[in-house]
Amino acid sequence: MDLDTIRSVVVARGRSDLAGVGEATGVLAGGTFLFSEPQPQLHRLVDITALGWPAFTETAEGLEIGATCTLAEFAGAAPGRELGADARWPRWPGTALFAPACRALVASHKIWHSATVGGNVCLALPAGAVLAALTALDGVALVWAADGGARRIPLREFVIGPGLSVLRTGEVLRSVVVPERALLARTAIRKIALAPLGRSGALLMGRREPDGRCVLTLTAATTRPVVLNFRTVPEDREVVAAVAGVDAALWFDDPHGSPDWRRHAAGVLAVEVAAELRAEPGGRP
């Protein structure tokens with residue numbers, strides 16, 4: 001879609017070029033959502049794709065994923081595959097969530113080569129599956145502030161409602177850092193939708209860390225990611241009780257599923273995810 005209110009496009013070459021972002025100035029990366037519907041409030045775009053942010057960087061904490069990393073790059077970072085020409089980090093099993101998260105989106109592989117991780121996170125939509133995967137892996141957003149500073153925000157606190165995040169005017173998402181303890185975890189994922197290729201009605205992701213700690217993350221069914229923490233992988237009754245205890249106001253309601261159906265579906269999928277995480281690698285419960 002043509003954005004006929006845009007009067008100028010600035011290609012950012014450094015952080016100073018991000019000045020003025022917010023209000024009538026939007027951030028352009030992949031642009032797959034930006035150009036999908038009218039944006040009458042915008043008159044200027046700042047293109048951040050020339051800033052040269054690497055898709056993946058090994059850090060002392062774990063793995064830093066640049067906001068301009070495309071879905072294709074993100075999905076390609078599966079266990080045992082190179083994350084870059086100079087990749088030297090371990091084969092982290094937690095990255096197994098990356099590709100199925102991309103497949104949970106209603107998007108073609110053409111879109112995968114332009115849409116970005118940062119875009120999916122900042123849209124803050126219930127069906128944001130890349131956001132879900134990074135939340136499930138305890139990701140922390142690195143946000144550049146308008147005053148030249150920066151702040152770190154756990155993704156479980158980043159979204160406050162459908163399409164709403166804690167980003168302030170002038171702030172830009174720089175990257176998401178996933179800690180190594182989460183990358184070393186075993187993971188499981190389940191999705192359900194009302195149509196075979198429809199938007200997710202409920203999306204469940206779980207991880208079991210080497211010390212036995214277990215985390216289940218509910219998305220798509222809820223207005224924001226809901227993270228359930230357990231000391232060990234929970235039994236079915238614990239899972240059912242935990243899902244039943246989610247605030248009733250958080251269950252999402254739209255044409256892709258009613259709150260009651262989403263609550264039920266999320267409970268079923270959560271039990272399946274926990275059962276898979278309880279099983280030994282070879283499949284024995």
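## Salt bridges

The structure holds 13 salt bridges, a salt bridge being a side-chain nitrogen of Lys or Arg within 4 Å of a carboxyl oxygen of Asp or Glu. The model is predicted: local features need pLDDT of at least 70, side-chain atom pairs count only at pLDDT 80 or more, and totals for chains, interfaces and linings use all residues. Residues are numbered from 1 along each chain as its sequence is written, and side-chain values use heavy atoms, with hydrogens and water left out.

Arg152 pairs with Glu61, their closest N and O atoms being 2.8 Å apart. This pair links distant parts of the chain, 91 residues apart: Arg152 lies in strand β7 (residues 150–154) and Glu61 in the loop between β4 (56–58) and β5 (62–66). Helices (H or I, at least four residues) and strands (E, at least two) are DSSP runs, numbered from the N terminus. Arg152 counts as partly exposed at 45% relative accessibility, and Glu61 counts as partly exposed at 42%. Buried means under 20% relative accessible area, exposed over 50%, and partly exposed in between (1.4 Å probe, protein chains only).

## A network with buried members

A salt bridge joins the side chains of Arg207 and Glu209 (2.9 Å, N to O). Arg207 is buried, with a relative accessible area of 0%, and Glu209 is buried at 6%. Both belong to a network of salt bridges that also links Asp138, Arg156, Arg181 and Arg213.

## A buried charge without a partner

Asp47, in strand β3 (residues 44–47), is buried yet has no salt bridge. The nearest side chain of opposite charge is Arg13, 8.2 Å away; Lys and Arg count as positive and Asp and Glu as negative, while His and the chain ends are not counted. Leaving aside neighbours within four places in sequence, Asp47 is in contact (heavy atoms within 4.5 Å) with Val10, Val11, Ala12 and Leu28.

## Helix α7

The buried residues of α7 (residues 236–244) are Val239, Ala242 and Val243. Seen down the helix axis, they fall within an arc of 95°, so they line one face of α7; the arc is that of the directions from the helix axis to the C-beta atoms. Their cover includes β13 (214–219), β14 (226–230) and α8 (259–278). The face turned away from the buried side carries the exposed residues Arg237, Ala241 and Ala244.

Asp236 and Arg278 meet in a salt bridge (3.2 Å, N to O). That pair connects helix α7 with helix α8 across 42 residues.

## Domains

The assignment, automatic or from a database, gives domain 1 (8–47), domain 2 (56–181) and domain 3 (186–278). The centres of domain 1 and domain 3, taken over C-alpha atoms, are separated by 35 Å.
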